[in-house]
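Biologist: I'd like to learn how to read a helix pair, and then the chains around it. Could you walk me through it?

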Amino acid sequence: MKRLIRIYKPFTRAGLLEMVTYRVNFLFFLLGEIMRCFVMFFVWKAVFDSSDSSTLYGFTYDNMVVYLFITFLCGYITYSDGSYAVGKEILDGSIAMRMIKPVDFDMCFLFQELGGKILQLLIVFAPITIGVETYRWIANGAFMMNVPMFFLFILSLLLAYGINFFFNVIYGFLAFYLKNLWGTGIIKNVIMDFLSGATVPLAFMGSFGKALGYLPFASLSYTPVMIYMGMYSPLEIIFYMSLQLVWLVVFIVSSKLVLSSAMKRLVVHGG
Amino acid sequence: MMRYIRLHKIFIKQDLKKLMEYKVDFLLGAVGFLLEQAAQILCLGIIFAGIPALCYTVDGVVVDSWGFNEVLFIYGFSLIPKGIDHLFFDNLWGLGYWIVDKGDFDKYLTRPINSWFYVLCEKFCVDALGEIIIGIVLIIYSTLSMPAQVADAINWWRVLPVLAVMPFAILIFTSIKTATAAISFWTKRSGHITHMCYMTNEFAKYPTKIYNTFIKTAITFVLPFALTAYYPAIYILRGESVWSLPVTVLVSLALFGISQLIWYRGISSYESAGS
């Protein structure tokens with residue numbers, strides 16, 4: 001364990017420094033992306049105003065606001081650039097330099113990305129959770145945050161990040177076969193956003209949504225968000241978090257398989 | 001002027017040749033954009049499945065409401081000016097993200113044509129056709145499936161003034177991109193600022209009345225994306241907000257002037273990133 005930390009600490013540092021350098025870009029990007037939440041904030045307000053009952057599919061308006069912003073937060077925290085980084089190195093051949101070093105290929109990316117996450121966490125996590133809790137506090141007149149749930153939420157978020165990271169590593173290795181990352185990347189993101197409930201809660205989709213709940217995509221953001229909102233019973237929490245664990249293992253194993261099969265096909269010209 | 005039109009044609013031809021070379025990349029990109037829009041429309045459908053119409057209420061009293069078809073119409077309309085700007089003037093994104101940063105901007109200053117025009121027309125972004133086509137399809141679909149009393153309110157003659165104002169609506173997009181891309185002359189990179197301003201466009205895809213005063217003012221006068229989407233669309237549908245048409249012309253010209261000012265100021269203080 002100590003050895004692991006010693007080897008990969010420089011990667012984490014590099015990731016952090018990179019993030020610090022581009023912090024202003026990141027901030028503007030974030031401000032742009034959060035705009036979408038505010039659009040939906042008003043759209044949902046109008047939707048709930050138009051409805052006769054105060055709940056839609058078990059969601060009140062306040063639930064919906066929390067859902068919107070916490071989903072956004074999850075998307076940001078679990079976001080992984082792994083596919084792009086891996087794919088780019090494969091296409092331009094610089095992957096060869098990584099392969100001759102005595103470090104694990106995916107671990108390099110993981111720790112480099114975690115370094116960047118440290119700063120992102122500070123910028124994104126605290127303001128959004130404090131904002132959401134203040135909103136709930138004003139709307140309900142009582143402090144709504146459930147501390148044990150919050151820790152479970154963080155645990156679930158970590159699992160979600162792991163799943164997303166290894167899923168993206170697999171996708172990045174597909175660059176060997178696809179030779180195109182931009183177009184397929186858009187397709188991948190759209191499908192993932194929709195199936196993970198990031199655009200509309202899965203509860204709104206009826207039995208189809210329930211089926212989607214078992215797919216790995218729901219593990220990415222729907223499960224942690226539902227835990228945060230306290231909409232899962234203890235039994236459901238145990239079930240969905242074990243499901244996350246299962247998907248994590250599946251993706252780690254298959255990423256190793258894809259890696260070893262892809263390495264056999266790798267041809268680097270020059271470099 | 002004629003010379004610039006002729007040059008633009010040559011540039012477009014060049015890009016089409018490039019496109020034929022990378023057919024699969026283009027196809028995948030187009031499918032991606034199509035799916036992105038399809039997912040958003042599906043979401044709208046899911047949201048609307050639970051309510052009869054989207055209402056704007058003040059103190060519990062319904063002031064205005066829009067049916068699903070009308071919202072689709074507005075949504076579809078919003079894609080058209082955006083798509084046309086995207087089709088012809090996409091290169092400004094590159095300027096803010098990497099052209100200045102890599103030191104490639106020098107090229108544009110050494111040619112005997114206007115630098116702004118050269119940047120604008122260097123890339124012809126065929127992907128945008130997907131956006132325009134979806135916009136048109138949505139408009140046609142939503143008008144065909146409208147309930148009779150909504151469809152009767154449409155006066156198709158009102159399309160003519162909207163078409164006349166359309167170039168100015170496109171100019172709003174181009175000017176905002178120009179102004180924010182030009183910031184990179186000082187900072188080397190400004191793509192993220194363009195991205196931030198562009199995201200306000202999301203507000204314009206829905207009826208403007210549902211927002212609070214601050215946002216309503218911002219998207220009508222500051223980053224006036226509502227003028228490119230909700231106002232002209234609702235004018236066609238119901239004849240409301242006629243005032244927005246002359247305002248679009250004035251605001252877009254003002255924005256254009258500001259963007260040109262920033263552009264030329266930027267160029268005079270531009271230092272190459274060089275290598």
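Predicted model: local features only at pLDDT ≥ 70, side-chain atom pairs only at ≥ 80, totals over all residues.

Biologist: At what angle do helix H11 and helix H12 of chain A pack?

Modeller: Two packed helices are described by the angle between their axes and the distance between the axes. Here, H11 (residues 216–229) and H12 (residues 234–265) of chain A pack at about 145 degrees, with axes 10 Å apart. The axes are lines fitted to C-alpha atoms, for helices over the stretch in contact, and the angles run from 0 to 180 degrees between N-to-C directions.

Biologist: Which residues in H11(A) and H12(A) meet?

Modeller: A contact needs C-beta atoms, placed from the backbone, within 7 Å. From H11(A) come Pro216(A), Ser219(A), Thr223(A) and Ile227(A), and they meet Ile237(A), Tyr240(A), Leu243(A), Gln244(A) and Trp247(A) in H12(A). That contact divides into six nonpolar, three polar and no charged residues. The classes are: Ala, Val, Leu, Ile, Met, Phe, Trp, Tyr, Cys and Pro nonpolar; Asp, Glu, Lys and Arg charged; the others, Gly among them, polar.

Biologist: And how many helices and strands does chain A have?

Modeller: Twelve helices and zero strands. The radius of gyration of chain A is 20 Å, close to the 18 Å from the globule rule for 271 residues, so chain A is as compact as a globular protein of that length. That radius is taken over C-alpha atoms, and the rule is 2.2 Å times the number of residues to the power 0.38. Along its principal axes, the C-alpha trace of chain A spans about 65 × 40 × 35 Å.

Biologist: How many residues of chain B are in contact with chain A?

Modeller: 32 residues of chain B, facing 31 residues of chain A. H2(B) gives the largest share of chain B's side, 13 residues. That side divides into 21 nonpolar, seven polar and four charged residues.

Biologist: What does the model score for ipTM and pTM?

Modeller: 0.85 for ipTM and 0.85 for pTM. As for bookkeeping, residues are numbered from 1 along each chain as its sequence is written, and chains are lettered from A and ligands numbered from 1 in the order written. Local features need pLDDT of at least 70, side-chain atom pairs count only at pLDDT 80 or more, and totals for chains, interfaces and linings use all residues.

Note on methods:
Helix = DSSP H or I, 4+ residues; strand = E, 2+ residues; numbered from the N terminus. Contact = placed C-beta atoms within 7 Å.
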